[in-house]
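Let us walk through one model, contact by contact. Keep the coordinates open as you read.

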Amino acid sequence: MAFMSYDPWAGITSRNGVPGDELVAGLQKSIRRADYEIAVDIAYEMYITSEQFEDKLWRRLTIIACEDIGFGNPYAIMVINKLDEARKLFPYTDGDRPLFFMFAIRYLCAQPKERSTDCLKNLVIKKFEQGYVPTVPDYAYDVHTAQGRAKGRDIIHFLDEASKVVPLMEGYDDTYRLKLKEVIKNELENNIQPKEGSFVYTRD
């Protein structure tokens with residue numbers, strides 16, 4: 001697992017003399033174990049230390065929503081982001097402002113948790129550190145790439161192969177793809193060109 005060579009929060013202490021990096025670690029670990037009262041106490045110490053440490057608190061809560069909640073509740077990050085926005089409506093010295101991080105912590109503690117994305121992130125980091133270079137799969141070479149066009153893959157190939165999605169939504173209606181395919185086949189077979197003056201799209 002990759003680690004920072006220098007943690008700037010290790011060099012500061014809180015209002016009551018607790019090392020900053022220990023507070024950050026304690027916040028996340030207590031949320032992982034749903035110890036919300038411990039997490040709230042730690043967060044409050046971060047809050048009363050400075051506005052900068054409060055910002056760090058919210059950045060960590062945002063990370064936790066992805067790192068520790070993940071697919072347990074994919075919408076958790078949206079809740080945290082909205083609470084982060086809401087707290088900014090109140091000045092730092094407003095007694096209601098701490099409500100937002102306290103609610104955010106209780107919310108995160110209550111969510112089912114899974115850490116697969118963080119494990120995947122660190123696995124990918126390790127692979128690349130050791131010289132891994134990704135291989136583009138053959139199905140990616142379609143009409144949108146030079147190599148795909150060199151292989152003779154056209155828009156029909158795109159509609160039949162390169163545009164496949166997995167898993168396909170249950171009950172998906174394929175009508176429009178099939179209609180589009182027939183229109184394009186007719187264009188290709190009869191060399192039909194866009195009508196003069198029609199709007200033309202460009203590609204990046």
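Leu-57, Trp-58, Leu-61, Ile-64, Ala-65 and Ile-69 in H3 meet Phe-100, Phe-101, Ala-104, Ile-105 and Leu-108 in H5. By class, this contact of H3 with H5 holds eleven nonpolar residues, no polar ones and no charged ones. The model is predicted.

Now the geometry of that pair. Helix H3 spans residues 51-69 and helix H5 spans residues 98-110. Their axes come within 11 Å and cross at roughly 15 degrees. Angles under 35 degrees count as roughly parallel, so H3 is roughly parallel to H5. The crossing of H3 and H5 is left-handed.

Turn to the second pair. Helix H8 covers residues 155-162, and helix H9 covers residues 175-190. H8 and H9 pack with their axes 9 Å apart, at an angle of about 160 degrees. An angle over 145 degrees counts as roughly antiparallel, and therefore H8 is roughly antiparallel to H9. The crossing of H8 and H9 is left-handed.

Which residues make this contact between H8 and H9? From H8 come Ile-155, Ile-156, Leu-159 and Asp-160. From H9 come Arg-177, Leu-180, Lys-181, Ile-184, Lys-185 and Leu-188. By class, the contact of H8 with H9 has six nonpolar residues, four charged residues and no polar ones.

The loop between H8 and H9 contains Pro-167. The peptide bond leading from Val-166 to Pro-167 is cis. Its omega is near -5 degrees.

Stay with H9 and look at Asn-186, which lies in this helix. Is Asn-186 buried, exposed or partly exposed? Its relative accessibility is 37%. The side chains of Asn-186 and Asn-190 are joined by a polar contact of 2.7 Å.

Continue into the segment after H9, where Asn-191 is found. Asn-191 has a positive phi of about 50 degrees, although it is not a glycine. The relative accessible area of Asn-191 is 58%. Exposed means over 50%, so Asn-191 is exposed.

Ala-34 also has a positive phi, of about 60 degrees, and is not a glycine. Where does Ala-34 sit? Ala-34 is in the loop between helix H1 (20-32) and helix H2 (36-49). With a relative accessible area of 36%, Ala-34 is partly exposed.

Conventions: Residues are numbered from 1 along each chain as its sequence is written. This is a predicted model: local features need pLDDT of at least 70, side-chain atom pairs count only at pLDDT 80 or more; totals for chains, interfaces and linings use all residues. Side-chain values use heavy atoms; hydrogens and water are left out. Helices (H or I, at least four residues) and strands (E, at least two) are DSSP runs, numbered from the N terminus. Buried means under 20% relative accessible area, exposed over 50%, partly exposed in between (1.4 Å probe, protein chains only). A polar contact is a pair of N or O atoms within 3.5 Å; within protein, one must be able to donate a hydrogen and the other to accept it, and residues adjacent in sequence count only if both atoms are side-chain atoms. Axes are lines fitted to C-alpha atoms, for helices over the stretch in contact, and angles run from 0 to 180 degrees between N-to-C directions. Angles under 35 degrees count as roughly parallel, over 145 as roughly antiparallel, 65 to 115 as roughly perpendicular and the rest as oblique. A crossing is left-handed if the near helix is turned anticlockwise from the far one by less than a right angle, and right-handed if clockwise. Contact means heavy atoms within 4.5 Å. Ala, Val, Leu, Ile, Met, Phe, Trp, Tyr, Cys and Pro count as nonpolar, Asp, Glu, Lys and Arg as charged, and the others, Gly among them, as polar.
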